[in-house]
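Q: I am new to this structure and would like to learn how to read it. Could we go through a few features together?

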Amino acid sequence: MTSTFPNISISTERLVLRPLDEDDAPALAEMMNDEQVGTWTGVPQPYTEDQARRWITRDAPAERIAGRGLDLAVDEFLTQRLVGTVQLAKTNWRVRSTEMSYIIAPWARGEGYASEAALATAHWLFGDQKFERVELRTAADNTASQQVAQKIGCISEGVLRNACIVRHRAEDGTWTDVRSDYIVWSLLPEDLEGADEQLADTGGFTSYSDWN
């Protein structure tokens with residue numbers, strides 16, 4: 001029987017990670033149309049509200065139910081504004097491993113939200129879900145994402161040469177695919193020891209299963 005992730009809400013002092021809701025579609029579409037998101041991810045460009053709504057109501061629930069992954073909205077606790085997303089994908093329940101990625105809205109960058117959300121998710125995976133490995137893959141030139149990986153305690157395992165496609169946008173708005181390398185990072189339960197102080201500084205986290 002295929003294992004699945006529960007509907008979950010994870011709270012830190014500054015953030016709430018929760019299931020995506022249809023009301024998130026406008027903010028999600030706006031975030032996904034950012035140039036950096038277009039450069040470093042495979043999100044279609046331009047990204048419409050209809051595409052966001054379809055992902056929220058159909059694709060993301062299907063991934064969770066099938067046991068392949070989980071998509072979480074990241075809200076600012078004080079404003080309830082959507083600041084980003086955390087995604088789990090390519091989950092292997094026998095090995096208890098999954099791949100994590102994160103996106104932060106342009107206006108919310110520089111606040112440490114990506115590392116706080118990723119670290120809280122990792123604690124939940126290793127604690128509540130008994131996972132043994134979280135993997136991250138960052139494009140070779142995506143230094144911001146690499147800094148997040150390092151900050152939460154990830155270990156660089158090596159380079160997958162020519163393994164990913166990044167995109168560059170020209171002045172006329174057209175996008176060009178460019179082949180690049182992937183840096184592979186891993187996070188194991190024991191790696192969190194060095195990153196725990198950071199989470200403690202933000203008040204730790206609390207998880208709530210079967211969120212609705």
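Q: How far is the sulfur of C164 from the closest cysteine sulfur?

A: A disulfide is a covalent bond between the sulfur atoms of two cysteines. Here, the closest cysteine sulfur to that of C164 is in C154, 17 Å away, which is too far for a bond; a disulfide is counted when two cysteine sulfur atoms lie within 2.5 Å. This is a predicted model, where local features need pLDDT of at least 70 and side-chain atom pairs count only at pLDDT 80 or more, while totals for chains, interfaces and linings use all residues. Residues are numbered from 1 along each chain as its sequence is written, and side-chain values use heavy atoms, leaving out hydrogens and water.

Q: How many disulfides does a search of the whole structure find?

A: The search finds zero disulfides. C154 is in none, its nearest cysteine sulfur being that of C164.

Q: Is C164 buried or exposed?

A: C164 is buried, with 5% relative accessible area, and C154 counts as buried at 7% (buried is under 20%, exposed over 50%, partly exposed in between, with a 1.4 Å probe and protein chains only).

Q: At what angle do the axes of helix 1 and helix 3 cross?

A: Two packed helices are described by the angle between their axes and the distance between the axes. The axes of helix 1 (residues 25-32) and helix 3 (residues 49-66) cross at roughly 115° and come within 8 Å. The two helices are therefore roughly perpendicular (65 to 115 degrees).

Q: Which residues of helix 1 meet helix 3?

A: A25, P26, L28 and A29 in helix 1 meet E49, A52, R53 and I56 in helix 3, with contact meaning heavy atoms within 4.5 Å.

Conventions
Axes fitted to C-alpha atoms, helices over the stretch in contact; angles between N-to-C directions. Helix = DSSP H or I, 4+ residues; strand = E, 2+ residues; numbered from the N terminus. Parallel < 35°, antiparallel > 145°, perpendicular 65-115°, else oblique.
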